[in-house]
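Biologist: I am new to this structure and would like to go through it step by step. Please show it first.

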Amino acid sequence: AQVKFLRTALDTRLNAGQTFDQAWAGLTLKACRTGQSHVLYFMLGKFVEMVRTCEDDACQKALTNICVLFALQDIVDGKQWGGLLDINQLDHAEEACNNVCSMIRPDSVALVDSWDFHDKTLNSTIGRYDGNVYEAQYLAAVKSPLNKDSVPDYFEIYRDYLDMDFLKLRNGLCDEDMDPDDCSAYPEAEEASGSGLTAALSKL
């Protein structure tokens, strides 16, 4: 349909006396979006063909859900559906997208892991192969230059606005005699995981 609309718009400009170059230059945005739609249609068609060749039922079910999501996300987020679908149809597409996401969610970790991206490639504390996300995030914070000092330099600027007596209570979880500058409970930055982190956390 988008190719037909583009052709109609081009003919209209040519019939109005514009040269082909002038008419085409005036339709750059529409031509770009039409090209994107054509590529997405081609990709979706090949996606469907490949899913049908999958012989494993469980795998085919998971791939079918992803294929449906691929098609729906273009309807929900795409710019080429105005005039083709009414507001109710777009609302149904969004609801269908939510339903498919719910179906994919149980397989999401396995689907991401199937790409077998190495931790060094991801360079993130989230999505680690060993699953130790929270430990990795904690140690990343320890290593961060922003946390090099226990008290930030700007603390003195807003110190007068803080209730220091209340903050000293530390929600009643810490001993009143504890030195607020004592960082001995924290692991060294070079520690990555294991008993060192467990021991440090137990002291907090």
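Biologist: What percentage of the residues of the protein count as buried?

Modeller: This is a predicted model, in which local features need pLDDT of at least 70 and side-chain atom pairs count only at pLDDT 80 or more, while totals for chains, interfaces and linings use all residues. Residues are numbered from 1 along each chain as its sequence is written, and side-chain values use heavy atoms, with hydrogens and water left out. Buried means under 20% relative accessible area, exposed over 50%, and partly exposed in between, with a 1.4 Å probe and protein chains only. Of the 204 residues, the buried ones make up 14%.

Biologist: What is the mean pLDDT of the protein?

Modeller: pLDDT is the predictor's confidence in each residue, from 0 to 100. A value of 70 or more is reached by 80% of the residues. Over residues 189–204 pLDDT stays under 50. The mean for the protein is 79.

Biologist: How many contacts beyond four places in sequence does the model have for residues 189–204?

Modeller: Contact means heavy atoms within 4.5 Å. For residues 189–204, where pLDDT stays under 50, the number of such contacts is 20.

Biologist: How many helices and how many strands does the protein have?

Modeller: Helices (H or I, at least four residues) and strands (E, at least two) are DSSP runs, numbered from the N terminus. From that end on, the elements run α-α-α-α-α-α-α-α-α-α-α. The numbers are 11 helices and 0 strands.

Biologist: Which residues of helix α8 are buried, and where do they fall around the helix?

Modeller: Helix α8 spans residues 133–143, and Ala136, Tyr138 and Leu139 are buried in it. Seen down the axis of α8, these buried residues fall within an arc of 160°, taken from the directions from the helix axis to the C-beta atoms. They therefore line one face of the helix.

Biologist: How many salt bridges does a search of the whole structure find?

Modeller: A salt bridge is a side-chain nitrogen of Lys or Arg within 4 Å of a carboxyl oxygen of Asp or Glu. The search finds 3.

Biologist: Which residue forms a salt bridge with Asp11?

Modeller: Asp11 is partly exposed, at 26% relative accessibility. The closest N and O atoms are 3.3 Å apart, and the partner is Arg7.

Biologist: How far apart are the closest N and O atoms of Lys46 and Glu49?

Modeller: An α-helix has 3.6 residues a turn, so residues three or four places apart point the same way. Lys46 and Glu49 are 3 residues apart in helix α3 (residues 28–52), about one helical turn. Lys46 is partly exposed at 39%, and Glu49 is partly exposed at 44%. Their closest N and O atoms are separated by 3.7 Å.

Biologist: How many disulfides are there?

Modeller: A disulfide is a covalent bond between the sulfur atoms of two cysteines. The rule used here is a pair of cysteine sulfur atoms within 2.5 Å. For Cys59 the nearest cysteine sulfur is that of Cys54, 3.7 Å away, and Cys59 is in no disulfide. The count comes to 0.

Biologist: Is Asp74 buried or exposed?

Modeller: Asp74 has its place in helix α4 (residues 57–77). Not counting residues up to four places away in sequence, Asp74 touches Leu40 and Trp81. Its relative accessible area is 18%, so Asp74 is buried.

Biologist: What phi does Asp116 have?

Modeller: Most residues other than glycine have a negative phi. Asp116 lies in the loop between α6 (108–113) and α7 (119–122), and Asp116 is exposed with a relative accessible area of 62%. Although Asp116 is not a glycine, its phi is positive, about 55°.
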